[in-house]
Amino acid sequence: MMNRNMTKKLGTVMMTAVMAAGLTACGGGDSSAASSKASSEAAAANSAAETYTVGICNYVDDASLNQIVDNIQNRLTEIGEEKGVAFDVAYDNCNADATVMNQIISNFQADGVDLMVGVATPVAMAMQAATEGTDTPVVFSAVSDPEGAALVESNEAPGANITGTSDFLDTAAVMNLIFAQDPEADLIALLYDAGQDSSTAPIKAAKEYLDEKGIAYKEYTGTTTDEVQMAAKSIAADKCDAVFTPTDNTIMTAELSIYETFTEAGIPHYTGADSFALNGAFLGYGVDYANLGVETANMIAEILLEGADPATLSVMTFDNGTATVNTETCDAIGLDFETVKAAFEPFCTKVQEITTAESFE
């Protein structure tokens, strides 16, 4: 028998015997019976497919994290079809509420899921704590600093029953783009939620980068959309030359409500994901969250189908070097996209365009 976290749940096989009353002695009766038998056998095979239950908890409803979840689910469906298995996915969103998050995780445990998926650092940490001492594997996604959050001993060798994918941000790469576009910039706003683990390391790196260059900066923080909106107005009033935000879920959630404040002030907002640009920011640079979701699903399958040990399965990190520019915002702040593209290209593998929307198609 397999251990309980990988218990294979067999679907109930329903065999229906079809009695064909009044069939004539012609060949059509035999053909109908054969067809019925084939259909029953196919139904039996499908219903007997090995099924793995996966519990996914998303931290908050935003474009980046939703994109990950969508791609995890889509990729698991593909893998199921390829391998002849089924993934029964239970999905929920705690909307940044710790009490709700813990209840969701408790529900997953009560239902005996084979594997849990924590999208974003707070969920991953809660799942790690809840599954300690058990054999339920946890795969996280969009954790910016797995080592710093003490989720793993090291990215190369996690050391416990948890591993996953990281959206680690190369802060220097984003900062380089700021000065490629505006070499004269001398006051940079750092906009983030001080309570977000995903912002801790990149904000520290941004300060070090700017200190080394002798560039002034001011920090603006918020923990709610209302506070972020107030911070954005302060940035505009202070006439900052550019704004930097890492992969911060609080700011991501508020982006649709603040980007116009920046465009009206002519201030470009540089961020750590293309989803920010989708929601109005001037630029998103870094991880492709669709690919992050796909690779997270591949890790789930590797653990459940191939018996991979999360403790020795290295955390996956990505650097696709893509700068995503919102062309509507670019125009609104008085910049020419082709000029911006030419300035960015020496620092990126690709510069792509996007326009403002609430979600990816």
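Start your tour by selecting K207, a partly exposed residue with a relative accessible area of 23% (buried means under 20% relative accessible area, exposed over 50%, and partly exposed in between, using a 1.4 Å probe and protein chains only). Before moving on, note that this is a predicted model, in which local features need pLDDT of at least 70, side-chain atom pairs count only at pLDDT 80 or more, and totals for chains, interfaces and linings use all residues. Residues are numbered from 1 along each chain as its sequence is written, and side-chain values use heavy atoms, with hydrogens and water left out.

**From K207 to its partner**

K207 and E219 form a salt bridge, with 3.0 Å between the closest N and O atoms (a salt bridge is a side-chain nitrogen of Lys or Arg within 4 Å of a carboxyl oxygen of Asp or Glu). This pair links distant parts of the chain, 12 residues apart: K207 sits in helix α6 and E219 in strand β8 (residues 216-221). Helices (H or I, at least four residues) and strands (E, at least two) are DSSP runs, numbered from the N terminus. E219 has 38% relative accessibility and counts as partly exposed.

**Along helix α6**

Next, select residues 197-213, which make up helix α6, and pick out K204 and E208, four residues apart, or about one turn of the helix. What joins E208 to K204? A salt bridge does, its closest N and O atoms lying 2.7 Å apart. E208 is partly exposed at 44% relative accessibility, while K204 is exposed at 51%.

**Over to the sheet**

Return to strand β8 and show its neighbours. It belongs to an open sheet of seven strands with mixed pairing, in the order β8-β7-β9-β10-β11-β13-β14. β8 and β14 (350-354) are the edge strands, each with a single partner, so one side of each has no neighbour in the sheet. Strand β7 (residues 187-192) runs parallel to β8, and six bridges join the two; strands pair if DSSP finds at least two bridges between them. To see one of these bridges, select I188 and its partner in β8, Y217.

**Last stop: R75**

Finally, select R75 and E82. Their side chains meet in a salt bridge of 3.3 Å, N to O. Is each residue buried or exposed? R75 is buried, at 17% relative accessibility, whereas E82 is exposed, with a relative accessible area of 51%. A search of the whole structure finds five salt bridges.
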